Amino acid sequence: MGDDHSAARPLRADARRNRDRVLQIAQEALASDGLTISFDEIARRAGFGVGTVYRHFPTKEALVEAVLLGRIERFVADARALATAEDAGRAFFGWFTTVVEQAAANQALCDMLDSGSGMALRPGSTLADDFAAALARLLARAQRVGAVRPDLQPQDVHDLLRGCLAAERRARARGGAVRMAEVICEGMRAKPASPPPTF
């Protein structure tokens, strides 16, 4: 992708500064505006001509990958690490909350998690599938120990994650209390069985 050329030959100090500047501005722009941001706009905000951006990142996908894919990969790695945690319920709810807290502040991450857009940019990548599988494994373990309601399917949880991200961003925009993950997690918890009626 965009890093192949730079990996083969070290960048000059000024070129490295330019690349770092592009990445910094792209990270800010993607966080605020999402995946709809254009190369031209990123270049304008960075104070460069668009050719400078293209020299470092020949496609928009390469730039998005450099900025964001590592974050999604970290979510997957964290879920896999938690898949053997002793407290399966705590692992599931903790991971869900962490994803919401980190992604809600970044519109492009929300876009990627919402649609899968950009999550399989590299040839042969299955990052969207990896994310779904990691979520499903955490959910299944939490359900087996009775921490999560048994009628939830992995796609239900993914839909709840998407909705939670949208609600969290709206709450932050209006300066409201940011507690959507807590509310959603409470709704996913298994309810204790009601005691039998006494007569």
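Author: A helix crossing is called right-handed if the near helix is turned clockwise from the far one by less than a right angle, and left-handed if it is turned anticlockwise. Keep in mind that this is a predicted model.

By that definition, α2 and α3 form a right-handed crossing. Their axes come within 9 Å and cross at roughly 120 degrees. Angles of 65 to 115 degrees count as roughly perpendicular and those over 145 as roughly antiparallel, so α2 is oblique to α3. On the α2 side the contact is made by R21, V22, I25, A26, A29, S32 and D33, and on the α3 side by I42, R45 and A46. By class, this contact of α2 with α3 has 6 nonpolar, 1 polar and 3 charged residues.

V67, which sits in helix α5, is in contact with L23, A26, Q27 and L30, its neighbours within four places in sequence being left aside. Between V67 and L30 there are 37 residues of sequence separation, while their C-alpha atoms are 8.6 Å apart in space. The cut-off for buried is under 20% relative accessible area; V67, at 14% relative accessibility, therefore counts as buried.

The largest nonpolar core has 53 residues, and L63, L68, F92 and F131 have the most contacts inside it. Two or more residues of this core come from each of α2 (13–33), α3 (39–46), α5 (60–82), α6 (88–103), α7 (107–115), α8 (127–144), α9 and α10. The largest share, 10 residues, comes from α5.

Helix α9 covers residues 154–173 and helix α10 residues 180–188; their axes are 9 Å apart, at an angle of about 150 degrees. With the limit for roughly antiparallel set at over 145 degrees, α9 and α10 are therefore roughly antiparallel to each other. The crossing of α9 past α10 is right-handed. From α9 the contact takes V157, L160, C164, A167, E168 and A171, and from α10 it takes M180, A181, I184 and M188. These residues of the contact of α9 with α10 divide into 9 nonpolar, no polar and 1 charged.

How values were computed
Residues are numbered from 1 along each chain as its sequence is written. This is a predicted model: local features need pLDDT of at least 70, side-chain atom pairs count only at pLDDT 80 or more; totals for chains, interfaces and linings use all residues. Side-chain values use heavy atoms; hydrogens and water are left out. Axes are lines fitted to C-alpha atoms, for helices over the stretch in contact, and angles run from 0 to 180 degrees between N-to-C directions. Helices (H or I, at least four residues) and strands (E, at least two) are DSSP runs, numbered from the N terminus. Angles under 35 degrees count as roughly parallel, over 145 as roughly antiparallel, 65 to 115 as roughly perpendicular and the rest as oblique. Contact means heavy atoms within 4.5 Å. Ala, Val, Leu, Ile, Met, Phe, Trp, Tyr, Cys and Pro count as nonpolar, Asp, Glu, Lys and Arg as charged, and the others, Gly among them, as polar. A nonpolar core is a set of buried Ala, Val, Leu, Ile, Met, Phe, Trp, Tyr and Cys residues joined through side-chain atoms within 4.5 Å. Buried means under 20% relative accessible area, exposed over 50%, partly exposed in between (1.4 Å probe, protein chains only).
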